[in-house]
Amino acid sequence: MTGEDRQHFTALVLFSGGQDSTVCLAWALSRYERVETAGFDYGQRHDIELKCRETLLQRMTEIFPQWQRRLGSDHRIELPALGKISESALTRDVEIEMHENGLPNTFVPGRNLLFFTYAAALGYRRGLHAIIGGMCETDYSGYPDCRRETLDSLEKAIQLGTETGFTIETPLMHLTKAQTWELAQSLGGTPFVDLIVEDTHSCYLGERGTRQDWGYGCGTCPACELRAKGFEEWHVKMVDATTA
Ligand code: ZN
């Protein structure tokens with residue numbers, strides 16, 4: 001196998017420790033021979049996700065030997081400037097609310113654009129040319145940098161700017177949250193679903209608090225509401241399928 005060929009079997013996953021990026025990591029581990037992970041510290045108010053990601057990486061290799069063989073280095077990238085220059089409820093101690101433009105103030109402008117650009121810089125050095133992210137434009141908060149159109153354009157810019165065949169892959173882009181749970185089940189069965197429930201974190205308020213059927217969180221912020229609704233829909237469908 002030439003170096004060129006090998007590049008097609010390696011990937012870098014933007015891995016935050018949330019539900020979506022954890023499913024993306026499992027998706028990548030089921031397809032690529034070598035997978036590395038990148039996590040960004042951008043001064044988010046709650047660093048609970050960053051703590052969860054370490055537990056998840058460890059548990060995924062313990063539970064799934066087939067994934068352990070493929071999982072390579074984890075990279076933490078510090079981007080404190082992003083938190084300093086953005087006025088977001090994820091980086092400032094303010095209430096979550098809607099802006100007049102229809103976007104919630106959890107939107108961090110430029111975040112995904114920067115994440116992929118930094119990931120490409122890292123991937124260039126590590127020979128990882130497929131960059132995978134959990135962005136989704138189905139059940140989402142309207143973030144314009146989660147749209148596939150945005151990422152197609154960014155992918156082109158990165159290809160041109162590095163003269164390298166980088167691809168941006170977004171396996172959850174057109175899935176509902178219920179379908180994301182379904183994908184998790186198909187990738188790693190009940191042990192993987194249980195791991196997502198126990199050890200991923202999506203709550204905007206950073207609360208672990210009460211353990212609900214769908215995991216930990218405040219239960220009322222937009223991220224918890226989406227996660228809970230998706231879990232409920234998926235569960236109803238599963239029960240229907242087993243009793244049909
Ligand atoms: Zn919440």
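Helices (H or I, at least four residues) and strands (E, at least two) are DSSP runs, numbered from the N terminus; contact means heavy atoms within 4.5 Å, and axes are lines fitted to C-alpha atoms, for helices over the stretch in contact, with angles running from 0 to 180 degrees between N-to-C directions. The model is predicted, so that local features need pLDDT of at least 70 and side-chain atom pairs count only at pLDDT 80 or more, while totals for chains, interfaces and linings use all residues. Residues are numbered from 1 along each chain as its sequence is written, and side-chain values use heavy atoms, leaving out hydrogens and water.

The sheet comes next. Five strands, in the order β3-β2-β1-β4-β5, make up an open sheet with parallel pairing, where two strands pair if DSSP finds at least two bridges between them. β3 (71-78) and β5 (167-169) are the edge strands, each pairing on one side only, and the twist from one strand to the next averages 25°. Six bridges join β2 (residues 34-41) to β3 in the parallel sense, and F40 has I77 as its bridge partner in β3.

Across β1 (10-14), β2, β3, β4 (130-132) and β5 lies helix α2 (residues 19-29), which runs at about 175° to β1.

As for the cysteines, the structure holds zero disulfides, a disulfide being a pair of cysteine sulfur atoms within 2.5 Å. For C52, the nearest cysteine sulfur belongs to C203 and is 11 Å away; C52 is buried (under 20% relative accessible area, with exposed meaning over 50% and partly exposed in between, for a 1.4 Å probe and protein chains only), its relative accessible area being 6%. For C136, the nearest cysteine sulfur, that of C146, is 8.0 Å away, and C136 is buried with a relative accessible area of 5%.
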